[in-house]
Amino acid sequence: MKNTSKLIGAGVIAISSLASTGAFAAGFQISETSVAGLGRAFAGNGIAGDTISDMFANPAGLMLRSGSELELGLHILSTSADFENRGSTQRLATPLGFLTVPSRGPGSDGGGTSAIPNLYYATDLSNGMRFGLSVTSPFGLVTEYDDDWVGRYQAIKSELITVDINPNIAYQVNDNVSVGGGISVLLADTTLTRAQFTGPTTPDAAASITGDDVAIGFNLGLMVGDEDGRFGIGYRSEVDVEAEGDLRIPLAGVSAGAAADVTLPQTLYLSGFKKVSDKVDLLGTIRWTGWSSFEELRVRFDNGLPDAVTPENWDDSVAVSLGLNYHLDDRWTLRGGLAVDDSPVDDEFRTARIPDTDRTWVSFGGSYQASERTRIDFGYAHIFTDDVPLNESVNLVSTMPGAAVDNVRGEYTDTDANLLSVSINIALGK
């Protein structure tokens, strides 16, 4: 048990240091919490029964397995977000009236490569109960553009890193019903940078805001059925994050305390599983996310500067996935899946920091039982997206609204993504 505790502790530290996250689910939610789940586009999320990572979406799913297990997973996400400038302008007040001129700067690619790790541990307790611990990154964002791109006054770098430490308890009520629940301790770290306008003929300054917070949430789960067919409901609560940190504009000599409040949304998972034959399982999931809680991004300063407010006005979103397992033999299981993931962002409110759009996932993967105690899971997904417009304006001088306005206008193209994942599951004993 001491060695297991050391492994878990080392895993938590590794995830905290490695969690350079890039969301490619709706908004800045991260779907990539299970490697086995990725192989079937997260169909059956929470009740698949072939991985302890089920506990993230539904802690009652812990009752589908037994004994002590440790699972370590890593997802590598490669994205592109090419922006094509199509008429971006600056509107500046002059003694003779307002002057509108084309914005200077090229387009840019806000995508990149990110690593998303996770860790799971589960073990039996007495009296029909099991304990599980998940360490994941449920929300995250990394977009980064060239320093001189045409939308630099709106955003250059936007980074949200979260680490969620989530102990769970599950209980077998009777042969067909199990329940579970847990507490989430969420660590959040935020970095926002952009260019600061200093005048039409002078070099830009660099502005950055950093902040962090620790917040608390909870999760619940219910599962009904047996090994041939079952249904599950999983719920993860809203988490209120108040990131406190600093604003810095070195060239202008500005330094001030800053704080931003963000409500991370609640999520509901409805999942089904049906064993069609000894070889084939069919699975499905509907995931609802309450993104309507994200009404604005407001940053407050303690030096008298006006609040920096970006309207968001997001909508609740739904993702639907269907998938299957094919049990080839005692060692190999193959998986495939398809998912449709609706964006919560309307065209009117899309921003350069979060250039969100609808997604379609095509996934495949599998498991290999390497030994009695060791299993390797792997998965790959290609994520298709639509080209989407951007039309975002910002005051270049925050203390003089309307006197100088930058409007970035164009279209994001070639925003597809590729995701490659692998995990190792180690049986630690009964």
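Five cavities of 30 Å³ or more are found in this predicted model. A cavity is, on a 1 Å grid over the protein atoms alone, a set of points where a 1.4 Å probe fits but cannot get out, and lining residues have an atom within 4 Å of a point. Grid points are joined across faces, edges and corners, and a volume is the space filled by probe spheres set on the points.

The model is predicted, and totals for linings use all residues, whereas local features need pLDDT of at least 70 and side-chain atom pairs count only at pLDDT 80 or more. Residues are numbered from 1 along each chain as its sequence is written, and side-chain values use heavy atoms, without hydrogens and water.

The largest cavity holds about 350 Å³ of space. Its lining has 26 residues, and L160, T190, L192, V262 and L297 lie nearest the centre. Two or more lining residues come from each of β9 (157-174), β10 (177-196), β11 (205-225), β13 (239-249), β14 (254-264) and β17 (296-301). Of these, β14 contributes the most, with five residues. Strands are DSSP runs (E, at least two residues), numbered from the N terminus.

The second largest cavity has a volume of about 150 Å³. Among its 16 lining residues, P138, F139, R236, S237 and V239 lie nearest the centre. Both β10 and β15 (267-275) supply at least two residues of this lining.

Key:
1 Å grid on protein atoms, 1.4 Å probe; cavity = no way out; pocket = protein on both sides within 12 Å on 5 of 7 lines; lining within 4 Å. Helix = DSSP H or I, 4+ residues; strand = E, 2+ residues; numbered from the N terminus.
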